[in-house]
Amino acid sequence: MTQIIPPSTIQTFTPKGGPANGRKALPLLRKALERLGLDGFLVPHEDEYNNEYVPASADRLAWVTGFTGSAGAAIVMRDRAAVFTDGRYTLQVRAQVDGELFSFEGFPEPGLAGWIAANGRKGEVIGYDARLHSPDAIARIEAAAARAGVHMRIVDPNPVDTIWADRPPAPRAKINPHPVTLAGRSVEEKLDQIAKIIQEAGADAAVLTDPVSVAWILNLRGHDVACAPIGLGRAIIRSDGSIHGFFDPEKQVSDVYPVGGNKISIEPEDSFDSALTGFAGKTVMVDPAIASAHVFNQLEKGGATVKRAPDPVALPRAIKNAVEIEGSRRAHIRDGAAMVRFLHWLDTEAQSGNEDEISAAVKLETIRRALPDFRDISFETISGAGPNGALPHYRVSTETVRKISPGTLYLVDSGGQYPDGTTDITRTVPIGEPDAEMRRAFTLVLKGHIALARIRFPEGTTGSQLDALARQPLWMAGMDYDHGTGHGVGSYLSVHEGPGRIAKAPNTIALKPGMIFSNEPGFYKTGHWGIRIETLQVVTPPEDLPGGERPMMGFETLTLAPIHTGLLDMSLMSAEDRDWLNIYHAAVLEKVGPLVADERQVHAWLTSACKPV
């Protein structure tokens, strides 16, 4: 059924970085600062593209500090240093960073700005690379520095890059076309749509610095970073619908769009800076949430009027067309077969207590990699047993791995990238017999999940207006979870996609038909176990309801894998809850069953797992 995958192709679980990094890097960086006449330098996790996943060549924070988490920053002064992380990484940062070299600080509070305000000394000069910070972040830092009498200075080139002797090469994988048969719309159609948005904003052009937006607008996919099928590059779209794409020539994008193509011009990426200075007297849209201060500086240097505005591609990209939606349905059926094989293994062999979080994650990825058209995992698998499952963003490593032991719960959050869709699914499974507390919490989480899956809502509704539906059963029991309920998901793009979301935090983006969101309420008993149930669902067009006065939108569930009925407390399930679950499981059996029909034990398990409750 599954093929053996060489270890090099499976995600790794041995932490990279470590305290030795800081011991090696700090003396070198401090010598560089002295040569530059600087007293300090800012080292963010972000790269030049503000990617969610940073290529090894741009992971400056890991090289300087040893910390390999997905969010954070550091400041290195001549006689002191600090590393900043959020609550997800409290344990990891202390394991990877030398506490004698760095103090451990919070992020976003106090963050770099707060630290400089409290610890900066009058007259000190702190450098930063404008390519790695947003203009708003730099404005906050400069205001804090001014209060402390500290001066901020742009430094180019980045001193970390000049001393990083064993720096990995920048990714230069070939970028390939994403066919219209999968994209659903031609590049020309997309350019016309975005040009109208630019015109309506009163602008002459828009700068796209997000490689995901560039991939979408040009129907391209690449392999430059883990988990997201993108090639690193930027673009400038003009109000006449013409576009200039900027890529490393080795990525061969000019083979896709040869010189002389209609409105599409591909240029070397090192010409991007000079292109930004060519808009004198023009108005140019730039998204301050994702573009760097360097982009703003270059535009202003060339005499452009910078219009702060959201990325014009973000909203159209989030609204999937009929071809993309159908592709997502197909991808989820195939991915569902992988999940069924894995959940069968969890419910049988893994009940022995001999497996651990790493072996389970490798098992799941191996099963997925045997699927037709599998390209990559869509994010690093969250594989949490017992107390580790109570950490919502837990990342297993050889230092933290736990056995999947009887008497507890196992939580697995994972996904795959396929040419026709991106998946993201979480399931929670009992190891041994669950107790009453586990059943109660699981059922309350499921009730919230069902409430969000069943809801009908009018046009103009935002995700923040729906968020409480998923929490209401937990709230009534005095329980909650401290993460969002749903994030957007791309179409063979990033598994975390804006601009919409379903969360407590206010969001002004109305849900539109074709948007795909996760539905993932949870509950986490600190030190014991965690529960999360996640499926992806697409917003459906408005339709009239019997006896209603307004058309209502809703959700269609895309993810297809059994929800463990052995964790249910049936006394808490309403008739509507039972009906939804039975209809869902019938769909899982109907659509995924044929893909495992030749695997007798797996199909028998699936049939049992989908029995009506």
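A search of the whole structure, a predicted model, finds 36 salt bridges, a salt bridge being a side-chain nitrogen of Lys or Arg within 4 Å of a carboxyl oxygen of Asp or Glu. Side chains of opposite charge can pair when their charged atoms come close. Local features are reported only at pLDDT of at least 70 and side-chain atom pairs only at pLDDT 80 or more, while totals for chains, interfaces and linings use all residues. Residues are numbered from 1 along each chain as its sequence is written, and side-chain values use heavy atoms, with hydrogens and water left out.

One of these bridges joins Arg80 to Glu124, with the closest N and O atoms 3.0 Å apart. The pair links distant parts of the chain, 44 residues apart: Arg80 is in the loop between strand 2 (73–77) and strand 3 (81–85), and Glu124 is in the loop between helix 4 (111–119) and strand 5 (125–128). Helices (H or I, at least four residues) and strands (E, at least two) are DSSP runs, numbered from the N terminus. Arg80 is buried at a relative accessible area of 15%, and Glu124 is buried at 9%. Here buried means under 20% relative accessible area, exposed over 50%, and partly exposed in between, for a 1.4 Å probe and protein chains only.

Lys251 and Asp224 form another salt bridge, at 2.7 Å from N to O. Lys251 lies in the loop between strand 11 (243–247) and helix 10 (253–256) and Asp224 in the loop between strand 9 (220–221) and strand 10 (234–238), so the bridge ties together parts that are 27 residues apart in sequence. Lys251 is buried at 2% relative accessibility, and Asp224 is buried at 5%. In the salt bridge between Arg369 and Asp376, the closest N and O atoms are 3.9 Å apart; Asp376 is partly exposed, at 22%. Glu48, Arg60, Asp161 and Arg167 are linked in a network of salt bridges.

Helix 4 also takes part in a helix pair. Its axis and that of helix 5 (residues 135–148) come within 8 Å and cross at roughly 5 degrees. Axes are lines fitted to C-alpha atoms, for helices over the stretch in contact, and angles run from 0 to 180 degrees between N-to-C directions. Helix 4 is therefore roughly parallel to helix 5, the term used for angles under 35 degrees. Contact (heavy atoms within 4.5 Å) brings Leu112, Ala113, Ile116 and Ala117 of helix 4 against Arg140, Ile141, Ala144, Ala145, Arg147 and Ala148 of helix 5. The residues of this contact divide into eight nonpolar, no polar and two charged. In this count Ala, Val, Leu, Ile, Met, Phe, Trp, Tyr, Cys and Pro are nonpolar, Asp, Glu, Lys and Arg are charged, and the others, Gly among them, are polar.

Six strands form an open sheet in the order 12-11-10-8-13-14, with mixed pairing; two strands pair if DSSP finds at least two bridges between them. Strand 12 (264–268) and strand 14 (305–308) stand at the edges with a single partner strand each, so one side of each has no neighbour in the sheet. Strand 11 and strand 12 run parallel and are joined by five bridges, and the bridge partner of Phe246 in strand 12 is Glu267. Helix 8 (residues 187–200) packs on the sheet, touching strand 8 (205–208), strand 10, strand 11, strand 12 and strand 13 (283–286), and its direction makes about 65 degrees with that of strand 10.

A three-strand open sheet has the order 15-18-19 and antiparallel pairing. Strand 15 and strand 18 (residues 416–418) pair over two bridges, with Ile377 facing Gly416 as bridge partner. Helix 14 (residues 322–347) lies across strand 18 and strand 19, running at about 130 degrees to strand 18.

A cis peptide bond joins Asp156 and Pro157, with omega about 10 degrees; Pro157 is in the loop between strand 6 (151–154) and helix 6 (159–163). Tyr492 has a positive phi of about 50 degrees and is buried at 6%.

Key: Angles under 35 degrees count as roughly parallel, over 145 as roughly antiparallel, 65 to 115 as roughly perpendicular and the rest as oblique.
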